[in-house]
Amino acid sequence: MQANRRRLIVIDGNDPAVRSLFVAVAHHVPVDFLSPQPLSARLRHPSTLLDRAARAQLDWHPVESLRAREKHVLIPGWSRFASFSTRVLKREISRLIDEQGEPDAIVFTLPFYGDLAEHFPAHNCVYYVYDPFEFYQAWDADRVRACESKMVEHCRAIFAVSAQLVDDFRRSEEHTSEL
């Protein structure tokens, strides 16, 4: 294991606003993006299974900055295989920590990573809330609230992009005033 060095691990920086925020942070602190990619998305476009550029994204590659890099991680998906997807990502994060040392923080950007955050109690886990996920039409609001409760339980800090989002988050019966 290498000596500690300042850096962040960001889980799922696929949203453009999230990505640009952490790429800007990378000017000061190196950032490792682990970007889960559901296998179903690859199977819908079989050419990506053979495409050399798409396969290369499964290895570390630079992202818009000399101090930011990304690795796509194939997961089975969150709808039916949440537990297995969590194990795959846990293995990737653990491997990264073993290779690179303790990060300053592991930043989770979606509520579905509550079970994953639970596996890293000794680390500075952070939940970065950038949208009112419980109102997404394609997502089950009760499941989102349950997942966000896990994030509150297992993360040392929660950040939201706006005062309104903080207020909405606090108003939810499931959440405490830890924001």
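Reader: Which residues of α7 are buried, and what makes a residue count as buried?

Author: In this predicted model, the buried residues of α7 are V144, C147, E148, S149, M151, V152 and H154. Each of them is called buried because its relative accessible area is under 20%.

Reader: How do you know that the span of helix α7 is close to the expected one?

Author: Helix α7 covers residues 141–154, which is 14 residues. From its first C-alpha to its last it reaches 20 Å, and 20 Å is also what 1.5 Å a residue would lead you to expect.

Reader: Why is the pair of F112 and W139 called edge-to-face?

Author: The structure holds 9 aromatic pairs. In the pair of F112 and W139, the ring centres are 4.8 Å apart, and the planes make an angle of 65°.

Reader: Why is F112 called buried, and why is W139 called partly exposed?

Author: F112 has a relative accessible area of 11%, which is under the 20% limit, so F112 is buried. W139 has 25%; that lies between 20% and 50%, so W139 is partly exposed.

Reader: What makes F133 and Y136 an edge-to-face pair?

Author: Their ring centres are 5.4 Å apart and their planes are at 70°, so they pass the 6.5 Å and 60 degree cut-offs. F133 is buried at 1% relative accessibility, whereas Y136 is partly exposed at 28%. Both belong to a cluster linked by ring pairs, which also includes F22, F112, Y128, Y130 and W139.

Reader: How do you know that the charged end of R69 sits over the ring of W60?

Author: The charged end of R69 is 3.9 Å from the centre of the W60 ring, and the distance limit is 6 Å. Likewise, the charged end of R19 sits over the ring of F33, 4.9 Å from its centre.

Reader: Which residues line the largest cavity?

Author: The lining is made by V129, D131, P132, F133, E134, F135, E148, L165, D168 and F169. This cavity has a volume of about 70 Å³.

Definitions and conventions
Residues are numbered from 1 along each chain as its sequence is written. This is a predicted model: local features need pLDDT of at least 70, side-chain atom pairs count only at pLDDT 80 or more; totals for chains, interfaces and linings use all residues. Side-chain values use heavy atoms; hydrogens and water are left out. Helices (H or I, at least four residues) and strands (E, at least two) are DSSP runs, numbered from the N terminus. The expected span of a helix is 1.5 Å times one less than its number of residues. Buried means under 20% relative accessible area, exposed over 50%, partly exposed in between (1.4 Å probe, protein chains only). Rings of Phe, Tyr and Trp (its six-membered ring) pair if their centres lie within 6.5 Å; planes under 30 degrees apart count as stacked, over 60 as edge-to-face and the rest as tilted. A charge sits over a ring if NZ of Lys or CZ of Arg is within 6 Å of the ring centre and within 35 degrees of the ring normal. On a 1 Å grid over the protein atoms alone, a cavity is a set of points where a 1.4 Å probe fits but cannot get out, and a pocket is an open set with protein on both sides within 12 Å along at least five of seven lines; lining residues have an atom within 4 Å of a point. Grid points are joined across faces, edges and corners, and a volume is the space filled by probe spheres set on the points.
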